[in-house]
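I opened the notebook to write down what I looked up, one entry at a time. The model I worked from is predicted.

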Amino acid sequence: MSADKMFSTPIERSLNRLTLIQQAAARSGALPAAGQFRNSKLSPFEVSQMSGVSISMIERGKINSREFIQELEWFQQETSTRCFIDGELWTNEILAYLPNEWLVESETTVWHTNVKPFVNDSLSSITSPSSSTQREDVTPKKDSYSSRFARTLIKNKDFRRAAHFLEKTIKDSRSDHFLYYRCLFLAYYQEHLENDSEGVERKTSFAEEKSPFSILYQRMIDEKLRENDDVWFEYLMGLLEVQLGLKVEAEKSFRSVIIREPRHWLAWEGLSLLICDIEDADTFVTSSNIKSVWMSDWFMVLVLQRFHQHSMAIQKAEQLVTRGMTGIPMIITKIAACSNARHDHDQAIANFEDVRKIDPYRLTDLHLLSDSLYIRNDQRQLSALAMEVYKVHKFRWETCCIVANYHAMRRDSEHAIKFFQRALRLNPGFAALWVLIGHEFMEMKNNAAACVSYRRAIEIDPADHRGWYGLGQMYDIMKMPAYSLYYYQEAQKCKPHDSRLLVALGEVYSKLNRIDDAEKCFTGAYLFGDVEGNALWNLAKLHEKYRDNHRAAQVFEVFLVVYEHVTSAEEKIIYAVAFLANHFFKNDNFEKAGEFATKCMAYESICQEGNRLFREISKVHRCEAEKAAERARRSGEGTSSQQAAQNDEEGG
């Protein structure tokens with residue numbers, strides 16, 4: 001690399017390479033080691049400094065259990081009244097796992113107190129769980145029954161029929177007014193997902209008529225529902241803006257909802273998927289005077305995870321544990337998911353197993369456990385997991401993904417694709433599924449279907465590097481390095497510190513004869529941790545390919561220092577030892593040549609090469625000894641003749 005040019009001698013360059021080891025060790029030490037997340041001595045600030053991201057790490061005290069329960073009780077009542085099943089499930093799970101001491105401390109909840117925990121609460125809004133409905137005028141009994149029936153239809157996912165019944169009561173009921181628009185949105189969204197889950201090989205572009213989302217959005221604008229006292233209308237408009245691709249407007253809507261009502265978790269969750277960068281999220285949380293007991297911290301965990309700052313996300317999640325939120329599966333699972341993304345699969349598996357002990361039928365994020373087992377090549381555990389979840393949750397998308405991973409491990413791509421496609425029909429908006437099915441199509445050499453899958457993943461989540469990386473791999477396999485370079489670059493922009501992406505970029509640069517760029521990528525990959533252990537190897541082979549054997553030898557020496565005791569790298573170690581032994585022999589450094597020839601003797605495949613080098617070194621030493629003796633003899637004869645001549649002169 002260019003840094004070597006500052007070191008003029010081979011010894012100095014060698015020291016420079018060894019310095020790289022120390023730098024890499026220091027850098028990797030900034031991230032908690034496997035199994036040490038909970039007891040890491042590094043502060044979140046130190047982790048943020050090493051990751052290149054700056055966020056505030058304000059030390060916050062223990063969570064006030066009463067205020068915490070008040071937030072969740074309010075949200076649970078709101079989501080229940082408005083039929084947000086996912087939000088209600090999320091809230092009730094947290095409440096179900098509250099620490100016992102919190103329940104003892106919170107003898108009364110918000111519904112039995114006149115305390116106003118938030119400025120924008122009216123007295124009536126906190127004294128009754130059904131305050132929104134109690135403020136409404138008394139409706140005729142038939143309309144009341146129609147409203148109840150519509151809510152039942154929503155829970156049964158019969159959205160158009162629910163909207164039909166709610167249309168009769170929207171003028172008399174504020175809650176039914178909101179539910180009517182929500183039912184129309186859900187009906188359109190359901191139809192959109194059903195169309196989107198069409199088989200990947202049959203996908204075709206058609207000229208579409210005006211989107212029903214845009215018609216509904218314009219209707220809500222005309223009725224000025226954004227300014228409605230009910231903050232849920234603005235949230236619904238934010239969801240419509242997401243579907244219409246108006247992401248800037250959607251972000252503004254979610255921010256406004258949070259400022260108006262900080263307990264609205266669904267708005268926090270929506271904003272976490274739209275916000276542009278981590279610093280912006282942190283500024284919003286700290287400078288908006290948002291009174292949130294804990295939701296702003298959990299929001300930052302989601303943002304950090306989305307932008308691949310997994311170590312920082314783990315630190316943030318563990319801050320919540322330290323503040324009192326212990327034993328909650330949602331937090332443990334998030335730590336496991338971040339560990340999986342950091343390739344700390346042993347830690348991820350351990351965390352998922354902890355969750356399964358306390359909640360054996362919980363499937364949320366369990367597909368990541370199958371991913372870790374797949375990478376660990378643990379067919380026995382993956383088989384047991386697949387059979388267990390298939391028996392009790394056959395038609396959940398997580399189950400389909402787990403079973404697909406099991407078939408993929410068995411190299412049964414046909415069945416793997418079948419289950420991945422089933423998972424896509426159940427959850428077509430999940431980018432990772434499109435990436436996985438793309439991988440299986442690549443295994444079957446169906447490049448066209450793989451390309452469609454990867455591009456769909458990019459369309460759903462452009463910040464996910466896996467879609468870009470999959471396309472880069474596809475074009476690399478098709479021997480189109482110029483195309484693969486573009487997609488690898490886009491993947492690396494999404495995850496700048498991923499050593500695998502840097503190694504892939506370096507390999508493409510090498511194929512395009514851009515040697516300096518390739519060298520920078522390989523060196524950078526090594527400094528960022530080199531997850532797969534390929535960076536130093538590729539850098540050494542690059543120098544060897546272009547006959548810069550001296551620099552290749554320097555890198556091979558560093559490679560041996562780092563990987564000599566790693567059994568999985570034995571073939572590369574053997575090659576490096578043989579290369580170094582021959583390199584030093586050719587450059588007349590017989591001491592180091594002998595050192596590496598001795599190492600050759602430890603490997604059966606190059607044992608004879610070691611013996612040959614020892615014989616050659618012995619020959620050289622013998623020849624040198626003979627030459628030295630000959631020089632000494634000639635020197636002695638010369639001295640004797642000079643002495644005899646001198647004696648003759650004296651005698652004469």
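I looked up the salt bridge between D280 and R255 and found their closest N and O atoms 2.8 Å apart. D280 sits in helix α15 (residues 278–287) and R255 in helix α13 (residues 247–260), so this pair ties together parts 25 residues apart in sequence. R255 has a relative accessible area of 17% and is buried, whereas D280, at 25%, is partly exposed.

Next I took E223 and R219. They form a salt bridge, with 3.8 Å between the closest N and O atoms. I noted E223 as partly exposed at 38% and R219 as partly exposed at 33%.

For R551 and D548 I noted a salt bridge with the closest N and O atoms 4.0 Å apart. R551 is buried at 18% relative accessibility, and D548 is partly exposed at 27%. I also found one network, in which salt bridges with shared partners join R226, E234, E241 and R260. The count of salt bridges came to 29.

I turned to the nonpolar cores. The largest one has 97 residues, and L366, L471, F559, L560 and L580 have the most contacts inside it. Helix α32 (residues 570–586) gives the most to this core, with 10 residues. Another core, of 82 residues, lies apart from it and includes F84, L186, W268 and W294.

Last, I looked up a record.

Methods
Residues numbered from 1 in each chain as written. Predicted model: local features only at pLDDT ≥ 70, side-chain atom pairs only at ≥ 80, totals over all residues. Heavy atoms only, no water. Core = buried A, V, L, I, M, F, W, Y, C linked by side-chain atoms within 4.5 Å. Buried < 20%, exposed > 50% of the residue type's maximum accessible area, 1.4 Å probe, protein only. Helix = DSSP H or I, 4+ residues; strand = E, 2+ residues; numbered from the N terminus. Salt bridge = Lys/Arg side-chain N within 4 Å of Asp/Glu carboxyl O.
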